[in-house]
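Student: I would like to learn how to read a few features of a model, taking them one at a time. Could we look at it together?

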Amino acid sequence: MKQDGDDVEAQAQARLMSNKDAGNHDDNDAYSESRENFDYDYDQRNSTDDIYGRWVAPYVAPCHSSSRQLWRRLQSIPLPSWLPIRKLSQLSPRFLIIVFAVSFTVTVLLVNPYGPLGPSRTPEVAVEVVEVVEIPAVNTTRSGNGTHHEVDPDFCTTWPVDYEGEYDLDSIDRVDQVEHTNLAPEGGWSKPKGLKVIAMVFYGRKRYVDILDCYLQQNLASNGGYLDEVWFMAHTEDEDDLAWLDSLVKENQSYKIKGHDDCGKNDKEYGCLWKYATGDNTMYIKIDDDIIYIHHDAIPQLVHTRLAVPHAFAVSSQLVNSPVTGLEQFHHNAIYPFVPDPNRNPSHNASETWRLSELDFYPKRKFERLRNKNDDAVMYPKPPYRGHPFVLLSEDNFDLLHTSMGRYDQNPGGDNIAFSPIWKSWAMAAQQQYSLLYNLEKNQISRYFFGRPAPYPEGAKGPDLKKTIAAPKQDGKPLIGGEQIFDTQFRRYNLNFVAVWGADIKNNMPIDNDDEDAITRALPQKTGRPFIIDTRSIVGHFSFYTQSENIRQTDLLDRWRAFANEAVCKPENLKKPVDYRCPKFEEDYGKTDSFMADPATPTQTSNAIL
């Protein structure tokens, strides 16, 4: 039994020290005794290690001996009387290690040296301040062409407008250098006597109608055309659009506003507008407000085909940007391999231009990447930048396989063509329109004339002869019209540019709110009279609502405006942009106006296509 004052550990230490000093014990004896008194886990040596042990003993033994001596001294330190233990020797090393680990953990949690740093001063760096002119808010209006226009943040222009968004129309010397294919008969077009022709523009967006205005005026009877009147069927509640239209109508006696009082609500229901199209001996041409090109012979040609083929319930012009005719154009070599500009910045200056031959071809070094893209990436690409053009891969038809329309043609899927990817894809809409611009530049509009005469039987159903006008004939056949038509075979077509008799509309009132399906499919089936397309009457359609968001990022609207200014608009009615310049478009190389910089990206110098 342990007596007061006895120090067993000290005695053990003394024995070990004396053994070491006297050299009476070997290493194994010392190791065994140390394990007996202290809870250390040292590995024991075996007999097979004798040679190794004799070699390392002079070096290892002094280290073990020194550590043991230190530990023994620490154990002999007396502790305060208020602690539950009196000496450190009463604690095992494992317990001390656990205590140390817990203490360290608590310290880290309470005082975390890796926590959030407080505010620190950063060295002052000289930064060049670039003055940026603030773009007016959306509701800001300014004058253009004598009318007031609202600045729309969804649009920008690639023309060199100034800091105020204004454009000097006299800055360019315009000469009509467009070679126009003439379809008129010998002696020119002659409107039949007694026939009244009214254009019904289903209106809602002034931006497109500003360009359409030039084509409408070109075709007014007062200017030698076929349109006696133009009715703007105001189907909008936008006050700015209505105010703009009101000022436009006041400038021309042949322009009128119809339908706004009882059909003005923009609810995508158009049936009520047709109750105005019921006059006898009157042909109505329904025109969408985003028709941005009308061939100069398109309306006379359409009128004469409507007269020459009375069996048809309705006759449409051939639309560029339409699922049905777009695919036909693709197979009749009217479509070129146009794809979005592969660059991230403009490769050309801001300018008023429409000719695509001024652009470089798609760089060959990027062909392989384009070929390896999947169908969705090609048919629904992301716009590279605002105001970008489409560029030609080549003039080789084989390269059409790497374009949006080529990929669709290879794998069209099972959708009804009226609502197929060609109706949804903004890239296909753009490819069709850039191809039209290219064909106009090359004077190849005849590439679109793929129709043929339709041999409808004598005595086939037709309109009320007492309320319509007969076609001028010679030897019992119409003098002109119906030369190249395409029968849709009662499939739904787009109602963007269609000629109908007022008597036919009156006999089939009310027209369904889905007037497109009613007039292009349902009523032709009901009456047994086909819906046909005159492929010689060419018009350009900007976009369906499924395409509108991304196609606005192209420069198409600027190019169509430039074409109209050169080839269609009167000198006193030239059109100019109502938008600010697109980001990164330069007026002169090396100079970028700060007002057109995109707030999200720094201004950069444009990269040329290599």
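Student: Which backbone oxygen does the side chain of Asn508 reach?

Tutor: Before the contact itself, note that this is a predicted model, in which local features need pLDDT of at least 70 and side-chain atom pairs count only at pLDDT 80 or more, while totals for chains, interfaces and linings use all residues. Residues are numbered from 1 along each chain as its sequence is written, and side-chain values use heavy atoms, with hydrogens and water left out. A polar contact is a pair of N or O atoms within 3.5 Å; within protein, one must be able to donate a hydrogen and the other to accept it, and residues adjacent in sequence count only if both atoms are side-chain atoms. Here the side chain of Asn508 reaches the backbone oxygen of Asp504 at 2.8 Å.

Student: Is Asn508 buried or exposed, and where is Asn508 found?

Tutor: Buried means under 20% relative accessible area, exposed over 50%, and partly exposed in between (1.4 Å probe, protein chains only). Asn508 counts as buried because its relative accessibility is 12%, and Asn508 is found in the loop between α15 (502–507) and α16 (515–527); helices (H or I, at least four residues) and strands (E, at least two) are DSSP runs, numbered from the N terminus. Leaving aside residues up to four places away in sequence, Asn508 touches Phe313, Leu523, Lys526 and Thr527, where contact means heavy atoms within 4.5 Å.

Student: How many residues of strand β15 are buried, and in what sense does β15 pair with β8?

Tutor: Since 11 of the 11 residues of β15 (residues 531–541) are buried, this strand is largely enclosed by the rest of the structure. Two strands pair if DSSP finds at least two bridges between them. Strand β8 (residues 314–320) and β15 pair in the parallel sense over seven bridges, with Gln318 opposite Ile538 in β15. By contrast, β7 and β15 pair in the antiparallel sense over three bridges, and the bridge partner of Tyr293 in β15 is Gly540. Strand β13 (residues 485–487) also pairs with β15 in the antiparallel sense, over three bridges, and there Phe486 stands opposite Ile533.
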